[in-house]
Number of protein chains: 2
Amino acid sequence: MESQLRGAQASEMAALLSVLRWDGSVSRQEMIRQTGLSRAVVAQRVSQLMSKGLLDDGEAGRSTGGRPPRHIRFRASAGYLLVADIGATSIDVAVTDLASNLLAHHAEAADIALGPELILGRLEKLFEMVCGEAGHIPGRLWGIGIGVPGPVEFATGRPVSPPIMPGWDGYPIRQRFSDHYRVPVWVDNDANLMALGEGRFGVARGHDNVVFIKIGTGIGAGLISDGLPHRGSHGSAGDVGHIQVAEDRNVVCRCGNVGCLEALAGGAALAREAERRARNGSSQWLAEVLERTGTLTAEDVAEAARRGDTTSVELLQMSGRLIGRMLATLVNFFNPSLIVVGGGVAGAGDVLLAAIREVVYGRSLPLATRDLLIKRSSLSSVAGVTGASAMVLDELFSAQRLEAWIDVGHPAELSGAGFRAEARES
Amino acid sequence: MESQLRGAQASEMAALLSVLRWDGSVSRQEMIRQTGLSRAVVAQRVSQLMSKGLLDDGEAGRSTGGRPPRHIRFRASAGYLLVADIGATSIDVAVTDLASNLLAHHAEAADIALGPELILGRLEKLFEMVCGEAGHIPGRLWGIGIGVPGPVEFATGRPVSPPIMPGWDGYPIRQRFSDHYRVPVWVDNDANLMALGEGRFGVARGHDNVVFIKIGTGIGAGLISDGLPHRGSHGSAGDVGHIQVAEDRNVVCRCGNVGCLEALAGGAALAREAERRARNGSSQWLAEVLERTGTLTAEDVAEAARRGDTTSVELLQMSGRLIGRMLATLVNFFNPSLIVVGGGVAGAGDVLLAAIREVVYGRSLPLATRDLLIKRSSLSSVAGVTGASAMVLDELFSAQRLEAWIDVGHPAELSGAGFRAEARES
């Protein structure tokens, strides 16, 4: 026998863990059935994983006569993750266990345009804070996952020409956090993480081909292709906010172009249009809110629509129809079984979702919409941090990564040579 | 030791074969380096694969002093495949070896609208014919791959509501051929296969995220996501010909809708518009061809454009710009590193490609086009059959399939129980 763990053994462990991570407590018999591994191999790998603290004995299963079979359980508390979802105007941070349960969570307003030093400095403070809340973290931190509102080169963890993140282009986010915390770090686009979060733990579980559309201040999408994130060749896949949907509109987008979907249908566009209509007298309701608070937000428009303000209903419909037209094209192209509508504005009411549905079902090919579902995000405001945790776990428990750390029993090893090699390759 | 081959052993063999299938002749040292397997495991698996006739001794490598290392070679002649690319107006058939080399090839005109019985009956005749040409096939047929011009449910090998294939909806193509030939059969959309062919053996080799756009009588696309085909939830991904690109045009598409890209920019649209312009006197050249031959085709338009007929140049530019607009949106969404332009009309000249490039580079996001290449298909008329062969080989040599047949040494076993189980699942 060789002293180094073989690739094949790591693959077998990864196969067992992928059953146990999702199904909780499982009998050996069931593991054999689901993985196709032999009884002897299952017994050996389970025993190895127990010795590393990743599995323990669960409750006994139901007996069909005789002694009930003993179940094996994944120990989600073997390690912890720090995760963050940095949006255009907010930071969400959380501590999760190895099953992506949120043990502590904090959200606050923050302007991404302040740049990486200020925002990431604040993020480190918030990580300290939630670690304190969750307790038990020192020495058991296994990884960090971070989402940002722009394209990311996944292999190196650096933003690539992000249109709304001045000062962040090429900033080594992974490097900074892996140097500081000495654990493996992954960074991805926020909408990709929301798609992954919904896919692993939310409304998209069981769907292999998914489009997650995030409607917040801006508009972005995250894609799942055959169960895995589709990030594209520069990490900019899903960058639908800057698709040109109108030729002759004079609204300049924050990316510098005109006619972008985001500039016409995003949260900022809704707020701007609402203010215009409040001032020109088309909506009494909006005018009153504007006078009272001095400003109007997309949330105000949604609230007004719920109260029956026809101008606000019309604004949300207009936005939903523009988004729907873009989605109708993407549905023909990508053929998802589910579109998840999320982000701050999406949570605001049914008018927007109804308008999106109307246009997508009306304009896409019948075959592509035959079984297509269009649903609201179920994880809503925690989709991003949940997805960040899912991303780190997918990476840590892949056969390839597992082989690199399971002998030591702690993935901190990965933060060193392995990552630097990857960064050089790309 | 258990008599049944273990999953882990099949994974190791699959890893070795994936190195050998692409790199030809390889030393054991190189296999160890590329797969990460130990020397002992490589030696065992190579010996097993040799005993099954899949590997043999290749030429000796270059020596760096001492005895030159002996190389191992994949035996592409261990088995043969029958492949077909059924288009809207043509059938291409070929015999390939296990490296997708075409040993015999035949193409003829055929109208898909004649329905499955006539078309597939003819296909069986053509299979017999090319088998005769290639020789050595009886007993060594390992699989069949077939492409059709419409969406296919990949798991069962049945067309799903194909817009231009009357009578084919739900037809059990796989079943028919696997019952007849007793070998495993896979069926996919033609554009998907062209994308795969270019990805494995053509201009898209080395690109992980690819859009193949097929411009023939109709228009379709095939997608590669992270090196693998993206087929979507109903196999209708890439169905871009019926994306609505114009609201107010009165051209009815053969799918029944109006304003479809295909109805405005495909080969049939080019031919129709050319005929109109020939008749109304805008092009002397086209009028003369029409008078001489009684009809006009997209190829006539391309030929006229090459000869300097400005009306034909204008028609190709119009078509290219419409296709380019659709692609610009898809580039933002999918972020490919390469767009391959193929199909009968694409081969016709540079005007179309130039117009597509102009619009895509002008309208997509700078980040998405920073390193984006737009190239003509390199396999051109054999992209479909090459891709059909690549599809069958990808399936046969996956770890999961290999495990099911390598003990017997011939994949004919797969055509029975395994496939029927899959068909039930979906």
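Contact here means that heavy atoms lie within 4.5 Å, and 100% of the interface residues of chain B are also interface residues in chain A, so the copies meet through the same surface. This is a predicted model, in which local features need pLDDT of at least 70 and side-chain atom pairs count only at pLDDT 80 or more, while totals for chains, interfaces and linings use all residues. Residues are numbered from 1 along each chain as its sequence is written, chains are lettered from A and ligands numbered from 1 in the order in which they are written, and side-chain values use heavy atoms, with hydrogens and water left out.

**How the two copies are related**

- With copies superposed by least squares on the C-alpha atoms of residues with pLDDT of at least 70 in both, chain B can be laid on chain A with an RMSD of 0.1 Å by a turn of 180° and a shift of 0.1 Å along the axis.
- The two copies are thus related as by a two-fold rotation axis, and the C-alpha of chain B nearest that axis belongs to B:Ala8, at 2.8 Å from it.

**The open sheet in chain A**

- Helices (H or I, at least four residues) and strands (E, at least two) are DSSP runs numbered from the N terminus, and two strands pair if DSSP finds at least two bridges between them.
- In chain A, five strands form an open sheet of mixed pairing in the order E13-E12-E11-E14-E15; strand E13 (228-229) and strand E15 (373-376) stand at its edges with a single partner strand each, so one side of each has no neighbour in the sheet.
- Strands E11 (residues 210-215) and E12 (residues 219-225) of chain A run antiparallel and are joined by six bridges, and A:Ile213 has A:Ala221 in E12(A) as its bridge partner.
- Helix H6 (residues 190-201) of chain A lies across E11, E12, E13 and strand E14 (338-342) of that chain, running at about 45° to E12(A), where axes are lines fitted to C-alpha atoms, for helices over the stretch in contact, and angles run from 0 to 180 degrees between N-to-C directions.

**The open sheet in chain B**

- Chain B has an open sheet of five strands in the order E13-E12-E11-E14-E15, with mixed pairing.
- Strand E12 (residues 219-225) of chain B runs antiparallel to E13(B) and is joined to it by two bridges, with B:Leu228 in E13(B) as the bridge partner of B:Ser225.
- Helix H11 (residues 310-334) of chain B packs on this sheet, touching E11, E12 and E14 of chain B, and its direction makes about 160° with that of E11(B).

**Helices and buried residues**

- Helix H8 (residues 267-279) of chain A has 13 residues and reaches 18 Å from its first C-alpha to its last, close to the 18 Å expected at 1.5 Å a residue, the expected span being 1.5 Å times one less than the number of residues.
- Buried means under 20% relative accessible area, exposed over 50% and partly exposed in between (1.4 Å probe, protein chains only); the buried residues of H8(A) include A:Leu270, A:Glu273 and A:Arg277.
- These buried residues of H8(A) pack against helix H7 (261-265), helix H9 (284-293), helix H10 (298-306) and helix H11 (310-334) of chain A, and just after H8(A), A:Gly281 takes a positive phi of about 85°.
- In helix H14 (residues 383-396) of chain B, which has 14 residues, 13 of the 14 are buried, so the helix is largely enclosed by the rest of the structure.

**A buried histidine**

- A:His71, found in strand E3 (residues 70-74) of chain A, is buried with a relative accessible area of 15%.
- The side chain of A:His71 makes a polar contact with that of A:Ser25 (3.4 Å), a polar contact being a pair of N or O atoms within 3.5 Å of which, within protein, one must be able to donate a hydrogen and the other to accept it, and residues adjacent in sequence count only if both atoms are side-chain atoms.
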